[in-house]
Amino acid sequence: MTPRHHLDSSTIIGHASGALSPELSAIVATHLEGCAECRQAMSHAERVGGLLVDQQQSATGGMSRHDRLRDAMLKRLEQAAAPVRPAEPVEPSRDPDRLPAPLHPYFGSSYRALKWRWMGPGMRYIRTTGPSGGTLLMLKIAAGKHMPMHSHGGTEITQILRGAYDDDLGHFAAGDVADLDSEVTHQPVTSAGVECICVAALDAPLRFPGWFARKLQPIFGI
Amino acid sequence: MSTASSTHNDAAAWSVEMSAIAQRQDRDSFMRIYDHFMPRLCLYLRGVGAVESVAEELAQEALLRLWQNAAGYDPAKSAVSTWLFRIARNLHIDHGRRRDNQAASRGELDDSSWCTDAEVTEDQVDQAGLQRRIDELSAVQARLIRMSYFEAKSHQEIAGELDMPLGTVKSHLRRAFERLQQELGEGA
């Protein structure tokens with residue numbers, strides 16, 4: 001399936017330059033697995049990085065230092081094995097139970113083994129804190145449910161893994177990413193007939209305006 | 001600063017050196033790449049926060065991987081500069097996470113192999129055009145792009161440092177990237 005909602009250009013630059021938190025990067029990498037268009041954009045952003053590195057003035061910090069490193073490199077070439085053709089890359093698994101690889105450090109590798117927690121009728125969640133303190137949240141919402149209305153204190157990137165939902169921004173189906181910033185307030189409604197599983201990274205607490213949502217906030221702890 | 005045409009010639013020349021490394025393990029070819037990129041990679045790594053000894057260690061490692069993986073190099077897939085940038089960046093991120101005892105990896109394909117994505121290509125002939133587009137960015141766009149790449153600053157950090165709303169930082173970066181992505185040759 002070809003995704004119809006893509007990463008924001010500023011997110012592409014952030015990921016290419018290594019400036020995104022590991023939590024946001026995990027969601028970006030999950031989206032890239034299934035999106036050739038964003039992979040092409042990422043490749044372009046990395047190419048910009050390569051050119052910027054290339055065009056720097058190289059103020060060499062003393063030739064003796066360079067010579068010493070150069071000698072060390074020549075020694076390493078002696079010891080290194082001859083260049084080999086790398087093995088073909090491993091295709092992303094087609095096992096329907098397998099979570100995308102970038103999520104494994106946070107959620108394990110199997111949908112079936114996920115330990116969902118109750119959040120409300122037809123709503124389950126798993127929350128984990130990433131290495132830099134950002135939140136990763138996986139949600140499983142039954143078909144036809146209204147999610148609480150919320151906006152974001154910072155950046156939220158959500159990848160839809162299964163099912164679909166609609167909000168003011170459009171229809172989001174499996175493979176799509178919703179890359180939102182603090183200006184957006186939205187209330188997703190999951191599509192009829194199939195539950196929706198999505199995974200989000202947040203680099204700041206969500207702001208829930210409604211009383212119901214405020215009750216949910218302590219459950220999330222975000 | 002390189003001119004557009006020398007960048008184009010460089011990119012093609014590095015591909016020739018890479019073929020020599022791949023076909024006959026030509027050390028002279030490798031050392032020409034080394035002499036050009038080693039100081040630049042060190043500068044880049046210092047910029048994103050590595051202390052000098054770490055920057056040197058990571059730059060050496062990136063170049064050694066270039067040697068070891070030369071056989072898989074396809075100039076239609078990526079320029080040597082792109083590949084070295086990618087490896088140096090990932091080595092730096094992994095080094096930071098190891099230092100902070102963070103087990104989680106960046107979660108990407110094994111990055112010591114070349115880009116093998118059949119759908120992703122990088123036209124070498126366009127290197128000169130892209131270089132020109134970088135040179136033509138507005139002052140504020142160029143500054144934000146540099147802060148992103150060379151200081152690895154998050155958009156929030158950039159916004160704080162320049163006293164600029166986050167949304168403005170993002171829209172400048174978005175416009176800069178769209179400019180850099182336009183069909184090369186258009187309006188050039």
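Two residues are taken to be in contact if their C-beta atoms, placed from the backbone, lie within 7 Å. The structure described here is a predicted model, in which local features need pLDDT of at least 70 and side-chain atom pairs count only at pLDDT 80 or more, whereas totals for chains, interfaces and linings use all residues. Residues are numbered from 1 along each chain as its sequence is written, and chains are lettered from A and ligands numbered from 1 in the order in which they are written.

By the contact criterion, A:Ser9, A:Ser10, A:Ile12 and A:Ile13 in H1(A) meet B:Lys170, B:Leu173, B:Arg174, B:Phe177 and B:Glu178 in H8(B). The residues of this contact comprise four nonpolar, two polar and three charged, where Ala, Val, Leu, Ile, Met, Phe, Trp, Tyr, Cys and Pro count as nonpolar, Asp, Glu, Lys and Arg as charged, and the others, Gly among them, as polar. Helices (H or I, at least four residues) and strands (E, at least two) are DSSP runs, numbered from the N terminus. Two packed helices are described by the angle between their axes and the distance between the axes.

Within chain A, three strands form an open sheet in the order S7-S6-S10, with antiparallel pairing; two strands pair if DSSP finds at least two bridges between them. Strands S7 (170-173) and S10 (189-190) of chain A stand at the edges, each with a single partner strand, so one side of each is left without a neighbour in the sheet. S6(A) and S7(A) pair over four bridges and form a hairpin with two residues between them, and A:Ala164 stands opposite A:Ala173 in S7(A). Strand S6 of chain A (residues 164-167) also pairs with S10(A), over two bridges, and A:Asp166 has A:Val189 in S10(A) as its bridge partner.

Chain B, by its own count, has eight helices and zero strands. Buried residues make up 40% of its 188 residues, a residue being buried if 20 or more other C-beta atoms lie within 10 Å of its own, exposed if 12 or fewer, and partly exposed in between, with C-beta atoms placed from the backbone. Seven of the nine residues of helix H5 of chain B (residues 127-135) are buried, so this helix is largely enclosed by the rest of the structure; B:Leu130 and B:Ile134 are among them. B:His95, found in helix H4 of chain B (residues 80-99), is partly exposed, with 17 other C-beta atoms within 10 Å. Not counting residues up to four places away in sequence, B:His95 touches B:Val54 and B:Leu58.
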